[in-house]
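Thanks for asking me to look this one over. Here are my notes, in the order I would read them with the model open.

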Amino acid sequence: MSRFVLNGVLHRAEAPGSMTMLDYLRTRLQLTAAKEGCAEGDCGACTIIRVGSSGRHEAVNACLMLVGQADGAEILTVEGLESANGGRITPVQEEMARLGGTQCGFCTPGFIAALVALGHDAGPLTDDTIHEALAGNLCRCTGYRPIVDAAREAGLSPFHQPARPPEPTPAQRHGGHAFFAPTSLAELLALRAEHPDAMLLAGGTDLGLDVSKERRQPPSVLHTARVRELCAVEEASDSVTFGAAVTYTEALPALEALYPSFGHIVRRLGSRQIRNLGTIGGNIGNASPIGDTPPCLIALDATLVVSSPGGEREIPIEDFFVGYRRTALGRDEVIRAIRLPKPAPGEIFRAYKVSKRYDQDISTVIGAYRITLDGGAVAAARIAYGGMAAVPARARRAEDALHGMAWSEAAALGAGAALAGDFRPITDHRGSAAYRMRVAANLLVRLWRDTAAPGGETDVMALGAAELR
Ligand SMILES: Cc1cc2nc3c(=O)[nH]c(=O)nc-3n(C[C@H](O)[C@H](O)[C@H](O)COP(=O)(O)OP(=O)(O)OC[C@H]3O[C@@H](n4cnc5c(N)ncnc54)[C@H](O)[C@@H]3O)c2cc1C
Ligand code: FES
Ligand code: FES
């Protein structure tokens, strides 16, 4: 049984750990403020707030988060805000009503929860942070401006004092369902051997869809979020190692400090709700050809540390993806960590994501580039793409085309032409094969403009069609 503090009161959930929080709140507790819009993490109508052991207030999608994931945490829903605010309606709710930030009202509790979480964030409150915090919330009525105005007018300051959460439960059982949340790697591996068919769950932003959208209920779940060896970020002289269960939100400060362009990609990955649950390990384990972190990690020559009861081995991430959604991971193995080398002197890293929408959208094409320049010539280049093949992969012919060349627009165009030897992309609803090839080549020109052209960084949105051949 999952135990958590719900709106200030200790709660024991009489439900399988694999039920979604949204179903649990709405159908078992009749707490219906959080709504089901899309059931797949896109609309934010289901947003609730999770306060973890760090005391951070995190907006999360209740349609993806499972009841078992709430164990040992504190959950705030919009129903609990008034009492958390000393019996008064919160300023952001007042301003939403006063400024017309709500019309039909379906999306409103999700917006309120996202903004209350933002108000408890230590960071600055600016239009940019408001927009970033709301990128995962859709409204079909207001046009958003009154919502942003309400956030600005309300001031959004913290008011909720985290409660003392209950001790986490290592194994939650309900009916025939089991939800295991081990705290050590040894326990995780032993449970994986004992329950080979259990769903190996990190943040659940991919797997949660199986439950939420496909309405599957796995009989057993093996949750990695409490495994200490998977939750650490460790710095060495030449690398930083991220535990596989470190969430994007937790990884961002170290990632941004190492590789700002990688940090920028992660800030565009899903929404805050998704980044508060989702993990880099999950992005790799999912093995999607259009996942955002694998091309960056391949270009940066990252190494995966993989554990099994037999011990540990290291796999260069480049060798990890062996076919469409197939990986080199054995059945008894888990990804323990991802080791990212620190940048070497003179090295440049850039990554560019192209998607139909700027926010909260999956990549059509993503390119990642690590180049070393020596006296204006390309001394080394490592290039990887997502969205161009069945797996995220290196562009070796483009790399070869660059090697030793003066770093110029002509060299970038030459490398772009060489991509035809690297990839034969498919046509799907995100883009045609020809579009993907064109974009992948154009991104090399963008790289050149950003790193060598007079004037420095370009805003690709501002480039005219004629400039993007
Ligand atoms: C609305 C929405 C927007 C999204 N936007 C993006 C986006 O912009 N870019 C992007 O790349 N992705 C996006 N995603 C996909 C998803 O958020 C990411 O892939 C995320 O990193 C998955 O991590 P997770 O921890 O939630 O994984 P989970 O769903 O828990 O697991 C995913 C897979 O990884 C496996 N796994 C997890 N941990 C391990 C481990 N330690 N060892 C071995 N296998 C493991 C699981 O078994 C499962 O197969 C989006 C998803 C949603 C719902
Ligand atoms: S219901 Fe749309 S994000 Fe959860
Ligand atoms: S107020 Fe109607 S969907 Fe936002």
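1. A term to start with: a polar contact is a pair of N or O atoms within 3.5 Å. This is a predicted model, where local features need pLDDT of at least 70, side-chain atom pairs count only at pLDDT 80 or more, and totals for chains, interfaces and linings use all residues. Residues are numbered from 1 along each chain as written, chains are lettered from A and ligands numbered from 1 in written order, and side-chain values use heavy atoms, without hydrogens and water.

2. Have a look at the oxygen atoms of ligand 1. One lies 2.7 Å from a backbone N or O atom of Leu200. An N or O atom in the Asn283 side chain is 2.9 Å from a ligand oxygen, and a polar backbone atom of Asp361 is 3.3 Å from one. Taken alone, the ligand exposes 990 Å², of which the protein buries 93% (Shrake-Rupley areas, 1.4 Å probe).

3. Around ligand 1 there are 34 residues (a heavy atom within 4 Å); Leu200, Thr205, Asp206, Tyr248 and Thr279 come nearest. The shell divides into 15 nonpolar, 13 polar and 6 charged residues. Helix α12 supplies the largest share, 4 residues (a helix is a DSSP run, H or I, of at least four residues).

4. Domain 1 (2-154) and domain 2 (233-459) each give at least three residues to that shell; the bounds come from an automatic or database assignment.

5. Now the largest nonpolar core: it has 103 residues, with Met21, Phe262, Ile284, Leu340, Tyr385 and Leu419 making the most contacts inside it. Such a core joins buried Ala, Val, Leu, Ile, Met, Phe, Trp, Tyr and Cys residues through side-chain atoms within 4.5 Å, buried being under 20% relative accessible area. Helix α16 (433-451) gives the most, 9 residues.

Conventions: A polar contact is a pair of N or O atoms within 3.5 Å; within protein, one must be able to donate a hydrogen and the other to accept it, and residues adjacent in sequence count only if both atoms are side-chain atoms. Helices (H or I, at least four residues) and strands (E, at least two) are DSSP runs, numbered from the N terminus. Ala, Val, Leu, Ile, Met, Phe, Trp, Tyr, Cys and Pro count as nonpolar, Asp, Glu, Lys and Arg as charged, and the others, Gly among them, as polar. Buried means under 20% relative accessible area, exposed over 50%, partly exposed in between (1.4 Å probe, protein chains only).
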